[in-house]
Amino acid sequence: MDHYYSENPNVESDPTTINVVIREQQLTFTSDRGVFSKGDIDFGTRVLLESFEWPTVKGGIGDIGCGWGPIGVTLAKENSDRSIVMVDVNKRAVELAKNNAKLNRVGNVEVIQSSLFSNVRDYEFATILTNPPIRAGKKIVHQLFEEAYAQLLSGGELWVVIQKKQGAPSAKKKLEEMFDVVEVPRKEKGYFILNAKKY
């Protein structure tokens, strides 16, 4: 069955153009069928982006499960001094993200097809952001958290958005078992922003 986390979505392509203002920037994206949130920036992703604060630790930023690229491209446009690594298992999403980086004239991004961190094991990150693939199941989401912890620099942070009804309390508990500090800087319309710090 086709999902947005399928490697090769079979659904017929039907591209759409999305114009958004996010973090005081006007951006244009192309999305398509067979990827997450085809028609617009997902509400949770928007809340995550609006809540995000740049880390004090030097280093790159990881966008895990990047989809068509709203998180990585937005942050790359805002801060050209940071390198942004965007990954997704979905080949169509990866191609869209690459094209959206070009469309918005950002050169400080690298887009890699990868199942979670499997193809980016050599990277270390100051911050990792994710709107995790909840429908892939709790096991995959918790694996993402574990792999993120391993690839964060000392002082690094993981930013997660997750709905309360889709497991925010259990996600917070999982993060608290691994990270030194876990905070909830924002809650909105059932969405929790989780910020986990590794010291």
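Thr45 sits in helix 1, which covers residues 43–51 (helices are DSSP runs of H or I with at least four residues, strands are runs of E with at least two, and both are numbered from the N terminus). The model is predicted, so local features need pLDDT of at least 70 and side-chain atom pairs count only at pLDDT 80 or more, while totals for chains, interfaces and linings use all residues. Residues are numbered from 1 along each chain as its sequence is written, and side-chain values use heavy atoms, with hydrogens and water left out.

- Thr45 counts as buried because its relative accessibility is 5% (buried means under 20% relative accessible area, exposed over 50%, and partly exposed in between, with a 1.4 Å probe and protein chains only).
- Leaving aside residues up to four places away in sequence, Thr45 touches Phe36, Pro70, Ile71, Asn131 and Val161 (contact means heavy atoms within 4.5 Å).

- Seven strands form an open sheet with mixed pairing, in the order 5-4-3-6-7-9-8 (two strands pair if DSSP finds at least two bridges between them).
- Strand 5 (109–113) and strand 8 (181–188) stand at the edges with a single partner strand each, so one side of each is left without a neighbour in the sheet.
- Strand 6 (residues 125–130) and strand 7 (residues 152–163) run parallel and are joined by five bridges, and Leu129 stands opposite Trp159 in strand 7.

**The hairpin**
- Strand 1 (residues 16–22) pairs with strand 2 in the antiparallel sense over seven bridges, and Asn19 has Thr28 in strand 2 as its bridge partner.
- Two residues lie between the strands of this hairpin, where Arg23 takes a positive phi near 50°.
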